[in-house]
Amino acid sequence: MSTNFPLSHDELTALAQKYPTPFYLYDEQAMRENMRYFKRAFSIFPAFREYYAVKACPNPYILKVLADEGCGADCSSLPELMLSKLSGIKGEMVMFTSNETPAEEYQYAAAEGNIINLDDVTHIDFLKKALGKLPETICFRYNPGPLKKGGNAIIGKPEEAKYGCTHDQLIEAYARCKAEGVKHFGLHTMVASNELNSDFFVDTARILFDLVVEIQQKCGVNIEFVDLGGGVGIPYREGQQKVDLDYVARGIRALYDEKIVPAGLDPLLISFECGRPITGPYGWLVTRAIHEKHIYREYIGTDSCMADLMRPGMYGAYHEVTVSGKENAPRDHVYDVVGSLCENCDKFAVQRPLPKIDIGDLLIIHDAGAHGRSMGFNYNGKLRAGELLLRPDKSVVQIRRRETIDDLFATLDLDGVREFQ
């Protein structure tokens with residue numbers, strides 16, 4: 001649980017006067033330090049790369065900060081590829097991991113020299129047709145099915161997920177691509193989301209390393225990079241412990257020395273594609289209490305809603321809520337903290353013990369720096385919140401303005417509708 005909100009009550013009050021709520025606030029310095037910790041933990045490998053999952057927070061300002069710290073980008077759509085390029089993340093620093101992908105998106109990625117990570121064996125022919133030939137570098141996503149225990153409400157059990165190739169399909173895919181002239185190969189998997197068990201990631205590495213050796217033996221293909229996916233969780237709730245990346249790195253390194261080095265596959269690039277643990281704890285949704293309701297429960301209504309942060313309504317996900325200026329006050333009231341969407345799941349907190357909330361109080365919703373603003377939507381005609389970046393010198397820059405009615409109506413032919421009979 002992240003409670004390290006970087007502004008005092010007076011500073012936040014002043015900020016909310018300049019930028020009306022709701023808004024997202026991100027802490028640049030904290031993100032930089034966190035990215036350095038991530039890289040330092042895995043520096044025990046001959047080569048390591050973190051591809052930031054752009055879907056977690058697709059803002060080019062954030063991406064530029066991470067690029068400055070040596071981070072690549074994991075993309076799943078054409079706009080994400082374009083944002084990465086705009087942010088200075090180019091070539092093989094971009095991993096294009098998509099599924100059910102249109103041909104023009106593969107064409108763009110190939111033209112930019114991005115790594116294309118195929119989700120299915122049938123996509124080999126699709127890619128070849130789209131490009132005219134297969135690229136020199138290709139990667140495949142592996143779905144271990146029941147071999148990998150786990151899964152949760154976010155990503156599901158591997159054997160029930162739509163992603164990736166089976167073991168036998170992979171053997172076929174690598175052999176065929178080698179025969180067709182592909183020169184460089186990678187292997188990828190992604191089987192968890194918001195996982196807090198450090199041993200889970202070591203076990204994933206074991207499965208992939210065994211597969212790397214088998215592919216070498218059966219296909220004569222030397223895998224040059226292994227992407228262990230993302231899925232590293234953050235402690236949203238009090239009492240939860242963050243993933244110990246040093247422990248994970250040491251565990252994977254032991255497997256590397258046991259399996260990869262004897263197979264003659266050293267050096268092998270190890271990578272992750274994490275989003276949540278990089279920026280998640282360092283973004284907050286700030287909203288204001290504008291209504292209260294006293295029926296079968298006590299409700300506090302805010303000027304934000306599920307359109308700005310859908311995780312609690314979609315997954316039942318927990319986000320800590322604090323009341324600015326009342327952090328040390330007794331939590332002697334129990335509220336449902338809700339938004340104005342016409343859906344009963346539009347709740348940021350359910351039966352949550354909190355200090356007494358007065359109309360006008362600023363509420364801080366924590367750990368919203370990943371899969372927060374990026375998952376927003378416009379149902380009920382709601383306008384999504386803007387984004388602010390707290391710089392290391394404590395200045396604040398608006399990096400995305402709040403949406404307007406004009407933005408919402410921009411794709412409508414308003415002149416045509418006036419003449420429509």
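Colleague: How many bridges join β5 to strand β6 (residues 137-142)?

Modeller: This is a predicted model, in which local features need pLDDT of at least 70 and side-chain atom pairs count only at pLDDT 80 or more, while totals for chains, interfaces and linings use all residues. Residues are numbered from 1 along each chain as its sequence is written, and side-chain values use heavy atoms, leaving out hydrogens and water. Helices (H or I, at least four residues) and strands (E, at least two) are DSSP runs numbered from the N terminus, and two strands pair if DSSP finds at least two bridges between them. Strands β5 and β6 run parallel, and the number of bridges joining them is 2.

Colleague: Which residue of β5 is the bridge partner of Met95, and what is the hand of the crossover from β4 to β5?

Modeller: Strand β4 (residues 94-97) pairs with β5 in the parallel sense over 3 bridges, and the partner of Met95 in β5 is Ile115. Between these strands the chain passes through helix α5 (residues 103-111), and this β-α-β crossover is right-handed.

Colleague: Are the residues of strand β5 (residues 115-118) buried or exposed?

Modeller: In a regular strand, side chains alternate between the two faces of the sheet. Here Ile115 and Asn117 point one way, and Ile116 and Leu118 the other way. Buried means under 20% relative accessible area, exposed over 50% and partly exposed in between (1.4 Å probe, protein chains only). On that scale, all four of these residues are buried.

Colleague: Within what arc do the buried residues of α1 (residues 9-18) fall?

Modeller: The buried residues of α1 are Leu12, Leu15 and Ala16. They line one face of the helix, because the arc (of the directions from the helix axis to the C-beta atoms) that holds them is 100 degrees. On the other side of α1 are the exposed residues Asp10, Gln17 and Lys18. Seen down the axis, the buried residues thus fall within 100 degrees.

Colleague: Which residues are exposed on the other side of α4?

Modeller: Helix α4 (residues 78-86) has Glu80, Leu81 and Ser84 buried. These residues cover an arc of only 105 degrees around the axis, so they lie on the same side of α4. The exposed residues on the other side are Pro79 and Leu86.

How values were computed: A crossover is right-handed if, with the strands pointing away from the viewer, the path from the first strand over the helix to the second runs clockwise.
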